[in-house]
Number of protein chains: 2
Amino acid sequence: MVASSERPTVETSISSFGLARSTVQGTPLSPDELWKMHAFWRAANYLALGMIYLRDNPLLREPLKDEHIKQRLLGHWGSSPGIAFLYTHLNRIIKKFDQDMLFMVGPGHGAPGFLGPCYLEGTYSHYFSHCTEDVEGMKRFFKQFSFPGGVGSHCTPETPGSIHEGGELGYSISHAFGAAFDNPDLIVVTMPGDGEAETGPLATSWHSNKFLNPIRDGAVLPVLHLNGYKINNPTILARISHEELESLFRGYGWTPYFVEGSEPESMHQALAATLDHCVSEIKRIQHEARSSGVATRPRWPMIVLRTPKGWTCPGEIDGHKVEGFWRSHQVPMGSMHGNEEHKRIFEEWMRSYKPEELFDENGKVFPYIREVAPEGNKRLGSTPYANGGLLRRELNMPDFRQYGIPVDRPGVVEAENTRPLGVFLRDVMKNNMNNFRIFGPDENTSNKLNAVYDVSKKFWIAEFLPEDLDGGELSPDGRVMEILSEHTLEGWLEGYLLTGRHGFFSTYESFAHVIDSMVGQHAKWLEICRHINWREEVSSLNLLITSTVWRQDHNGFTHQDPGFLDVILNKSPEVVRIYLPPDVNSLLSVANHCLQSEDYVNVIVSDKQMHLQYHDMDAAVRNCTKGIDIWEWASTDAGEEPDVVLATAGDIPTKESLAASVMLREAFPDLKIRFVNVIDLFKLTPATEHPHGLSDSDFDSLFTTDKPIIFNFHGYPWLIHRLTYRRTNHENLHVRGYKEKGNINTPLELAICNQIDRFSIAIDVIDRVPKLKNAGAHTKEQLKDEQIACRNYAFEHGIDRPDIVNWKWPY
Amino acid sequence: MVASSERPTVETSISSFGLARSTVQGTPLSPDELWKMHAFWRAANYLALGMIYLRDNPLLREPLKDEHIKQRLLGHWGSSPGIAFLYTHLNRIIKKFDQDMLFMVGPGHGAPGFLGPCYLEGTYSHYFSHCTEDVEGMKRFFKQFSFPGGVGSHCTPETPGSIHEGGELGYSISHAFGAAFDNPDLIVVTMPGDGEAETGPLATSWHSNKFLNPIRDGAVLPVLHLNGYKINNPTILARISHEELESLFRGYGWTPYFVEGSEPESMHQALAATLDHCVSEIKRIQHEARSSGVATRPRWPMIVLRTPKGWTCPGEIDGHKVEGFWRSHQVPMGSMHGNEEHKRIFEEWMRSYKPEELFDENGKVFPYIREVAPEGNKRLGSTPYANGGLLRRELNMPDFRQYGIPVDRPGVVEAENTRPLGVFLRDVMKNNMNNFRIFGPDENTSNKLNAVYDVSKKFWIAEFLPEDLDGGELSPDGRVMEILSEHTLEGWLEGYLLTGRHGFFSTYESFAHVIDSMVGQHAKWLEICRHINWREEVSSLNLLITSTVWRQDHNGFTHQDPGFLDVILNKSPEVVRIYLPPDVNSLLSVANHCLQSEDYVNVIVSDKQMHLQYHDMDAAVRNCTKGIDIWEWASTDAGEEPDVVLATAGDIPTKESLAASVMLREAFPDLKIRFVNVIDLFKLTPATEHPHGLSDSDFDSLFTTDKPIIFNFHGYPWLIHRLTYRRTNHENLHVRGYKEKGNINTPLELAICNQIDRFSIAIDVIDRVPKLKNAGAHTKEQLKDEQIACRNYAFEHGIDRPDIVNWKWPY
C-alpha cells in the first residue's frame with residue numbers, strides 16, 4: 001500500500017475570512033445603530049477578556065502589572081466573541097419585535113460571551129449585587145469568573161437567563177425545543193457549537209422540527225456556530241463543502257441561511273438582515289398556521305454563523321496563528337506573569353476594544369451602549385422563561401384514588417400495574433392541556449400507558465397516510481412525544497420543566513442507561529439551583545422505569561440491566577428519589593406524589609406485565625406514605641420478635657418472597673416470619689445521609705438487631721448493602737437481586753438464575769434461621785427438586801409452569 | 001388558538017408499494033438466477049416465520065395443530081424479510097466479486113432474517129450440530145429460536161457471522177466502520193433500521209465516512225432499511241420527502257441510491273443492479289486511491305432500501321392492515337391456539353413461500369437454492385471477520401519498563417502521570433501500525449498522550465488548511481481517531497476489537513457516563529462469548545478515564561462524576577477489571593497488562609496533571625502484580641499490629657492520605673500507621689465473587705480484624721462498602737470519597753468539600769483511634785484551623801497555597 005502522508009494541504013474558500021458573505025442581503029442597520037451595536041459587542045468582548053485575565057485594574061487605568069492578572073488563567077475565549085455577537089443582535093430583535101426570547105448557549109465554556117452582555121444590560125449586577133456597575137463592581141465581576149466561590153465558565157445555574165449549562169455537550173437543541181413547546185409567544189434562539197454538533201444527541205435533535213406545532217408552540221431558531229475548531233481539532237462541519245453543509249440542513253428539514261465572514265461592519269449588517277428575515281419568516285409561518293388553524297410542518301429557518309475562532313483576538317502570538325485557529329480555544333495566551341511581551345500584547349488587545357468609548361469615568365457602561373439591550377424582563381438575562389418556577393402553574397390534579405382497583409384480599413387479583421396509571425395520566429393530561437406532556441421512545445403503548453391517547457395523541461406533523469387512522473394515534477395536536485431517541489426526549493423534557501411546566505417520561509429499564517449522563521447532569525443542575533435564592537422551584541423530572549429486567553423474556557441479556565438506580569444513587573440526596581411500588585394502587589399513589597413534587601429527579605420502577613395486587617387504595621396510600629412497612633397479613637410474627645425478616649422492594653421480588661413465605665409456613669408452621677416491603681428506597685439510608693432515611697431505632701424495630709434478613713431486591717443486590725452498611729443488623733442482611741445472569745429466559749427461570757425465586761428465598765431462610773438448619777434439610781432438598789422441575793418445564797415448553805404463573809396468596 | 005385535529009391525512013407517493021423504483025436501472029439477473037435467488041429468499045422467509053411460530057411440523061407435512069405452535073409466540077417478523085432480501089443479494093455479490101464481506105444487522109430483533117439464510121447456507125448447522133439439515137433439525141432450529149436455552153431474537157453472540165447484536169440500537173454504522181478500519185479487502189455491509197436511525201449515536205455516525213482511508217481501510221456500505229415503522233409509530237425518515245431524505249445523505253457526504261418497492265421480481269433486479277453499481281463504485285474509489293497513493297475523501301455510495309414492513313405477510317388480518325404497517329412489527333398475528341381462522345391464515349401464509357419447491361423430502365434445502373450462497377468462509381455466517389479472535393495477531397509490545405521514570409525516593413519527584421504513557425503508546429503504535437489504534441474525543445493532547453502523534457497523527461481526510469501544519473497533527477494516514485462523539489469512538493473501537501484488532505480509548509471521567517450503556521452492552525457481549533466454545537478470544541476494551549473529578553478546577557460540577565466505576569462494577573466479574581495506578585510507573589505496568597489481556601473491559605483511572613511519584617519500576621510492577629499492598633515506607637507499624645490503617649485508591653486520595661500521615665506522625669510519634677494502597681479494585685471483593693478477590697485471611701492480614709481503617713477513595717465512597725461489606729473488619733471501615741459536593745474549586749478546596757483532604761483524613765484518624773480521642777483534641781483543632789486557612793487562601797487567590805501544591809514526602 002502506498003503511503004499518503006505527503007498529501008498536500010488544500011486551500012478552500014473557508015480558509016480566509018473577510019467581508020461578510022450571506023444568503024440574505026441587506027444593510028438594515030443605520031450608521032448610528034451599527035455604531036451602537038458594534039460598541040455593545042466591543043464592550044462584551046472587553047468584558048469577556050477581562051473575566052479570563054484580570055483580577056484588578058479592570059479598565060486598565062493603571063499600568064498593567066502582574067498582580068492585576070489572575071494567578072491561574074481559566075476560561076475559554078474561543079467561542080465567546082461569536083456568542084456575544086449573536087447576543088448583541090438578539091437585543092435588537094427583541095426590541096424591534098417586542099419579542100419574548102430565550103437564548104441558549106451550546107458551546108461548552110461559552111459563559112464569557114454571555115456574561116459580558118448580562119453585565120452590560122444590568123442583569124448580572126441585579127443577581128450579584130456586589131458586582132456593581134462601576135470600576136469596583138467590574139473588578140469583582142472579573143475576579144469571580146471561573147474562580148472558587150464564583151461563577152462558572154459554562155452557563156451554570158448561577159448564570160442569569162440560562163437554563164442550559166452546556167457543561168456536557170449535545171443538548172442545546174433538544175433543550176430549546178422543550179422550552180418552545182406550549183410557549184407560542186416565545187422564540188428560543190439556540191446556538192449549538194460545531195464541536196457539540198458532532199455528538200450523537202445533537203445530531204439527531206435537528207429532527208425536533210418534526211415535533212413542533214406552529215399554532216400552539218413557540219419557535220426555535222438554531223444558529224449553528226461554525227467556529228471551526230474544538231480543543232485541538234478542526235470540526236467536521238467546518239471542513240465539509242458548502243454544498244454538503246447546506247444539503248445536510250435541508251435534509252434535516254430546515255432552511256439554512258449562511259452568515260460568514262470576519263469584517264465587523266459587514267458582519268453586523270449581514271446578521272441583522274438575516275435575523276430580520278428569519279424572524280419574519282417565523283412570524284409568517286406562525287401567522288399562516290394560526291389564522292388557518294391548520295398545522296403543517298414548515299421548513300423553519302436556521303442560521304449558520306461562520307466566524308473565526310477567537311474572533312478579534314491577536315492573529316498571531318509567539319509565532320503561532322491564534323485567531324481563526326484552535327489555539328484561541330481556551331486562554332489564547334498564557335504565562336503572563338513576568339512576561340512583558342505577553343502583557344504588552346494583552347494590553348494592546350484589550351485596548352483594541354477602546355474601553356474609553358465604552359465605560360464612563362466611574363466604570364459604568366455608557367447609556368448609548370446600554371440602550372442596545374431591551375428593558376426589564378425582555379432582557380435575555382432576566383427573562384422569566386429562564387427561571388421557570390416564576391411561570392409555573394400547579395397541575396390541576398384529578399383524585400388519583402379514583403383510578404385504583406378494588407383489592408378485597410391481598411395477592412389474589414392480578415392486573416397490569418402500569419395500565420391504570422395510563423388512565424390516571426390521561427386525566428392529568430385532560431386537566432392540563434397546555435402545560436403537561438408525556439414522553440417516551442415509541443413505547444407508551446408497549447408500556448401500557450396508551451389510555452392517554454384518548455385525550456391526546458402522539459404528536460405527528462410529518463407525512464400522514466390513510467392507514468394511520470387505524471390505531472396510529474397520531475395528531476398534530478398530540479401532546480404525547482415519541483421519538484426513538486431517549487436523548488432527545490430527555491432533552492425536551494428538561495427544557496419543558498425548566499421553563500415551568502410538567503412532564504412524565506417512561507422508558508425501558510435497561511435503556512435508561514442511555515441517558516445516565518443527562519439525568520445526572522440535570523440532577524446536578526437542580527442541586528445547584530437549591531442554593532441559589534432567586535431560582536424558583538420547578539417541577540420534578542419524573543421517570544418511570546418499566547419493562548424491567550425480570551420480564552424481558554425473549555428480549556434477552558441486553559435488556560436486563562437495573563443499574564440506572566445505582567447511577568441515580570450517586571447524585572445528591574437533596575434531589576433524587578427512588579420508588580418501587582409493587583402494585584397498581586401504590587403506583588398511583590407514588591405517581592400522584594411525584595407529579596406534584598418540585599426540584600427532584602423521581603425514579604419510579606414498575607413493570608408493565610400482569611402482577612398480583614396487594615392493597616386497596618387506603619392501605620396503598622398508607623404504605624406509600626410510610627415508604628417502608630411491615631405487611632401484617634403476610635407476616636406470622638404476630639407482633640413478636642420474628643425468626644426471620646423477609647424484606648422486598650419491587651413487584652416481582654415481592655411476589656417471589658411471598659410465595660417463599662407460603663412454602664415456609666407450610667413446612668414450618670411455627671416459623672415467625674416478618675414481611676417488610678420497601679417502596680421508598682431511601683428509607684433504608686441512614687437519616688443523616690438522606691432526608692427520607694429511617695432513624696436507626698426505627699430501622700432496628702423493623703429489621704430487628706440480630707435476626708436474619710433475606711432481602712429480595714429488584715436491582716443489583718449490592719445496592720442494598722451500599723444503603724444499609726451502617727445499620728445495626730447489617731451483618732445478618734442477605735440480599736438477593738439481579739447479578740448479571742441471564743439470556744433468553746422465562747420469568748421464573750431468570751429469577752432462578754439470579755436466586756430471587758421463591759425456592760432460593762425459602763432455601764436462604766432455611767440456611768440462615770438457626771432452628772431450621774437441621775430441621776429444614778429435607779424441605780430444602782424438596783425445594784431444590786421443585787426448582788429443577790420448574791426449570792426443566794421452562795426449557796421444554798418455553799413458558800413457566802401454570803401453577804407458578806397462576807400462583808396466588810392462599811390465605 | 002384554533003384546533004387542528006381535523007387535519008386531513010395526506011396521501012403520498014410512499015403509501016402504495018408496487019414495482020421497484022430505483023436510482024440505478026438495469027436487469028442484471030438472468031431468469032435462472034432470479035428464480036434461484038427468489039427461491040433463496042422465499043426459503044429464508046419461510047424459515048423466519050417458522051422460527052416465530054412453530055415448535056413442530058416444520059414443513060407442514062401434517063395438518064397444522066395447536067401443539068405444533070409455540071405456546072408463547074416471540075420474535076419479530078417486521079424487518080426480517082428485508083434483512084433476508086439483502087442477505088440473499090449479498091451472497092451473489094460475494095460470489096461475483098469473490099468478496100470478503102461482513103453483514104451487520106441494525107434493526108433490533110432482526111435475527112430471524114439473518115438466521116434463516118445461515119441455516120440455508122449450512123453455517124447454522126455447523127455451529128448448532130443438533131440442528132441438522134433435515135426435518136428433525138429444522139424442527140429444533142425453529143424451536144430453539146427465542147426460546148429458553150436457545151438463540152436470541154437479536155443477532156446475539158450465538159449468531160454465526162455476527163459481531164453486532166442490535167439489542168440496543170444506534171451502533172450499526174460505528175461498529176461497521178470499526179470493522180472496516182485496516183481491513184482493506186473487506187466490505188462491511190451494514191443495515192441500520194429507520195427506527196435505529198432516530199437515535200443520536202446513529203445520527204452522528206453517518207459522519208464516519210470522514211474517518212475512512214480508501215487506501216488502507218476497507219469500505220462500509222450502509223443500506224438504510226426504510227421499513228416505515230417502529231413498534232407503534234411511523235419512523236421519521238420514512239415520512240419526510242424524497243428530496244429531504246436525499247439531501248440528508250448527501251449532506252452527510254454519501255451518494256444515496258434508492259431501491260423502493262414491493263414487487264419481488266423488479267425488486268430483485270433493482271437491488272442487484274444497485275449493489276453491482278455500488279460495489280463497482282467502491283472498487284473504483286479504492287483502485288484510484290490505491291494506485292495513486294493519494295487518499296482523499298470520496299463520496300461513498302449508500303443505499304436506501306424502502307420495502308413494506310413485514311413484507312410478504314398477509315395484507316390484512318382481522319380487519320387490520322398488517323403488511324406495510326406497524327402491526328407487522330413483532331408477531332403479526334397472535335392467539336393461534338384454538339383459533340382455526342388464524343391457523344388457516346398462517347398455513348396459507350407459510351405455503352405461499354411454496355416449501356415443496358424449497359426443501360427436499362428429508363427437509364434439506366434443494367442444491368439449486370443452497371448454491372446461491374458462497375462456500376466456506378466466504379459465507380456470511382462463517383466469515384472469520386465475525387470471529388475476530390481467529391484473525392487476531394498479538395501486539396508486538398515494546399518493553400514498558402523503558403518508559404518509566406526514575407524514582408529514588410518515594411513522594412518527592414512530580415510528573416504528569418499520563419505523559420509517559422503517551423510515549424509508551426507511541427511505540428506500541430509504531431510496532432503495530434496496522435492493527436492498533438487510539439481513540440479519544442478531541443482530548444488526547446489535553447490528556448497528555450500527544451507523544452503518539454510522533455508516529456501517527458490524528459486521522460483527517462476532510463478539508464485541510466495551511467495552518468493545520470502548525471501543530472494540527474492531522475493526516476489521512478493517522479491512526480489516532482478523534483471525533484467529539486464518545487458514542488462513535490466507542491462503536492468504532494468495539495468493531496475494531498471484535499474483528500481481531502487492538503485499541504486504547506481515553507476520555508474525560510465525567511463523560512464516560514455518556515457511554516455507560518454501550519460499554520455495559522459490550523461487557524454483556526463478552527460475557528456471553530465466554531460461554532460459546534467457537535468464539536475465540538478478542539482483545540480487551542481498554543478505557544483510560546482521565547481528567548478526573550479531583551482536578552476539574554474551573555470546569556465545575558458538571559465535570560465531577562466518578563460514577564462510571566459503579567456502572568462497570570455491575571457487570572459480570574468475569575469480564576470487568578478496574579485499576580487505579582497512583583503514579584507513572586504503575587500506570588505503565590497496568591497499561592502494559594491491559595493491552596495484552598483478552599475478553600475484558602479494563603478501566604484505568606489516572607489523572608493527567610502533575611502528581612507525586614512513589615515507586616521505581618520494579619516496585620511499581622510488584623505493586624501492580626499484587627494489586628494491593630502495604631507501602632512499608634509510608635507505614636510506621638514496623639510489621640506489628642497497627643493502630644490505624646490508612647488505605648487509598650487513586651492518585652489524589654493517595655497524596656492526601658500520605659500528607660495526613662505525616663501530620664499524624666509529627667503530632668503522635670508513637671502512632672502505628674499502616675499504609676495500604678489499592679491498584680486493582682477487585683482485590684477488595686471476596687474471592688468468591690471475583691477472580692481477583694483476596695481471600696478473607698489475606699484481607700484480614702492487610703486490614704486487621706479490629707483496627708480503624710480510613711479508606712481514601714477516588715470515587716463515590718459507598719462503592720468501597722459495596723465491595724467489602726462481607727469482610728471481617730468492615731465495621732471499622734470508614735471511607736472518604738467524592739460525595740457530590742463541588743463547583744468551581746481548587747484541588748484542595750474540592751478535596752476539603754468532600755473530606756478527602758489531608759486535614760479531614762487526619763481528623764478521621766484522631767476520631768477513630770481510641771488512644772487519640774482525648775490526646776488528639778488539640779491537634780484536631782489545629783488541623784481544622786489550618787483547613788480553614790487553606791480554604792480562605794483558595795478563595796482569595798484562586799489557587800492553592802504553595803506549601804500544599806508543593807508538598808512532598810519528607811522522610
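Predicted model: local features only at pLDDT ≥ 70, side-chain atom pairs only at ≥ 80, totals over all residues.
A salt bridge here is a side-chain nitrogen of Lys or Arg within 4 Å of a carboxyl oxygen of Asp or Glu. Between chain B and chain A the count comes to 23 salt bridges. On the side of chain B that touches chain A there are 55 nonpolar, 60 polar and 44 charged residues; Ala, Val, Leu, Ile, Met, Phe, Trp, Tyr, Cys and Pro go down as nonpolar, Asp, Glu, Lys and Arg as charged, and the others, Gly among them, as polar.

Now for the interface as a whole. Chain B puts 159 residues into the contact and chain A 157, where contact means heavy atoms within 4.5 Å. About 13,000 Å² is buried between the two chains, 55% of it on carbon and sulfur atoms; this is the accessible area (1.4 Å probe) that the two parts lose on being put together, summed over both.

Chain A itself splits into domain 1 (21-373), domain 2 (400-612) and domain 3 (628-805), with bounds from an automatic or database domain assignment. The centres of domain 1 and domain 3 of chain A, taken over C-alpha atoms, lie 57 Å apart.

As for confidence, pLDDT (the predictor's confidence in each residue, from 0 to 100) averages 95 in chain A, and 98% of its residues reach 70 or more. Residues 1-15 of chain A stay under 50. The complex gets an ipTM of 0.96 and a pTM of 0.97 from the predictor.

Residues are numbered from 1 along each chain as its sequence is written, and chains are lettered from A and ligands numbered from 1 in the order in which they are written. Local features need pLDDT of at least 70, side-chain atom pairs count only at pLDDT 80 or more, and totals for chains, interfaces and linings use all residues, while side-chain values use heavy atoms, with hydrogens and water left out.
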